[in-house]
Amino acid sequence: QKSGLRVTKQADPNVMRTLENSIRVGQPVLYEDCGETLDPALEPILQKQIFKQGNRMLMRVGDSEVDYDPGFKFYMTSKL
């Protein structure tokens, strides 16, 4: 896609890998069809918990620390 928007769903088994890669390269993500509850692993992304380590900006996603690119954007839609 021209905008580089990656589209994923809660049921996608690769959702965390998609998010990690998008955070690393600064690519926007659309997370479709959210339910009433969200995966707790999304919390650092939703709260934008970015920290510095030396001259690197990082975000913890799941069990890994991922380099954070400021071009990353996270969009969500729901069926509610």
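Visitor: How far apart are the mean positions of the positive and negative charges?
Guide: They lie 7 Å apart, with 11 positive and 11 negative charges in the chain. Lys and Arg count as positive, Asp and Glu as negative, and His and the chain ends are not counted. Each charge is placed at NZ of Lys, CZ of Arg, CG of Asp or CD of Glu.

Visitor: What sort of model is this?
Guide: A predicted one: local features need pLDDT of at least 70, side-chain atom pairs count only at pLDDT 80 or more, and totals for chains, interfaces and linings use all residues. Residues are numbered from 1 along each chain as its sequence is written, and side-chain values use heavy atoms, leaving out hydrogens and water.

Visitor: Which order do the elements run in?
Guide: From the N terminus, β-α-β-α-β-β-β-β (DSSP runs, helices being H or I of at least four residues and strands E of at least two).

Visitor: What share of the residues is buried?
Guide: Buried residues are 30% of the 80, where buried means under 20% relative accessible area with a 1.4 Å probe, protein chains only.

Visitor: And the core, which residues touch the most other members?
Guide: L19, I23, I45, F72 and F74, in a largest nonpolar core of 14 residues (buried Ala, Val, Leu, Ile, Met, Phe, Trp, Tyr and Cys joined through side-chain atoms within 4.5 Å). Helix 1 (15-25), strand 2 (29-34) and strand 4 (56-61) supply at least two residues each.

Visitor: What is F72 in contact with?
Guide: Beyond its neighbours within four places in sequence, L19, S22, I23, G26, Q27, V29 and I45; contact means heavy atoms within 4.5 Å.

Visitor: What does the C-alpha trace span?
Guide: About 40 × 30 × 20 Å along the principal axes.

Technical notes. Buried means under 20% relative accessible area, exposed over 50%, partly exposed in between (1.4 Å probe, protein chains only).
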